[in-house]
Amino acid sequence: MINQSGYLATQIEVVGTQHKKLFKLVNELTESYHKNGTSEKLVDDTLRQLVTYADKYFLEEEELMLRSKIDPGHVNVHRMEHRSFIYDVNNMLTYSSNQEDLSALTEKLVGFITSWLTHHILATDRIMEEHIFAIQHGASSEKA
Ligand SMILES: [Fe+2]
């Protein structure tokens, strides 16, 4: 049976794997775009996959934060970032159809998603990992 500390260590690894999957989706869009040009279907399919996957993964991450009992202030801000990403990508889905310049739209999407993920993973997710690590090593929620 896995103990709480082992569980958290495993979950941190899972977070790393999920990040790779998110970038893989964006890379697939970029590659396909450079190879075959873009299409409404490509943009639509990628955004739908991204929002489905990100939503599921963000919920797992939020559950991990609650289970780890890290600072609720961090959890709230972190959750807000997740929700605003899902909101933005859903809006892109709604407004991406009937765009005249699909190439410009695709480039914009790739730019937005890549910079959001990079910022979130390097800043917010890293802070979360540090909090969890500190708690694993005996810090209280307030000090973590
Ligand atoms: Fe996150």
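What you see is a predicted model. The secondary structure of the protein chain consists of four helices and zero strands. In sequence order, the pattern reads α-α-α-α. The chain has 144 residues, and 17% of them are buried. Now the contacts between residues at least 6 apart in sequence: 80% of these join residues at least 24 apart.

Let me start with helix 3. Helix 3 is 24 residues long and spans 34 Å from its first C-alpha to its last, which is close to the 34 Å expected at 1.5 Å a residue. Which residues of helix 3 are buried? They are H78, F85 and V89. The cover over these buried residues includes helix 2 and helix 4.

Next, the pairing of helix 2 with helix 3. Two packed helices are described by the angle between their axes and the distance between the axes. Here the axes of helix 2 and helix 3 come within 10 Å, and the crossing angle is roughly 170 degrees. Helix 2 is therefore roughly antiparallel to helix 3. The crossing of helix 2 past helix 3 is left-handed. On the helix 2 side, the residues that meet helix 3 include L47, L50, A54 and F58. On the helix 3 side, the residues that meet helix 2 include H78, F85 and V89.

Now the cores. The largest nonpolar core has eight residues: V43, L47, L50, A54, F85, V89, L109 and I113. Helix 2 (40-68), helix 3 (72-95) and helix 4 (102-136) each give two or more residues to this core. Helix 2 supplies the largest share, four residues.

Last, one backbone detail. Most residues other than glycine have a negative phi, and most peptide bonds are trans. K69 is not a glycine, yet K69 has a positive phi of about 60 degrees. Where is K69 found? K69 sits in the loop between helix 2 and helix 3. Is K69 buried or partly exposed? K69 has 15 other C-beta atoms within 10 Å, so K69 counts as partly exposed; a buried residue would need 20 or more.

Key. Residues numbered from 1 in each chain as written. Predicted model: local features only at pLDDT ≥ 70, side-chain atom pairs only at ≥ 80, totals over all residues. Core = buried A, V, L, I, M, F, W, Y, C linked by C-beta atoms within 7 Å. Buried ≥ 20, exposed ≤ 12 C-beta atoms within 10 Å, placed from the backbone. Expected span 1.5 Å × (residues − 1). Contact = placed C-beta atoms within 7 Å. Axes fitted to C-alpha atoms, helices over the stretch in contact; angles between N-to-C directions. Parallel < 35°, antiparallel > 145°, perpendicular 65-115°, else oblique. Left-handed = near helix turned anticlockwise from the far one by under 90°.
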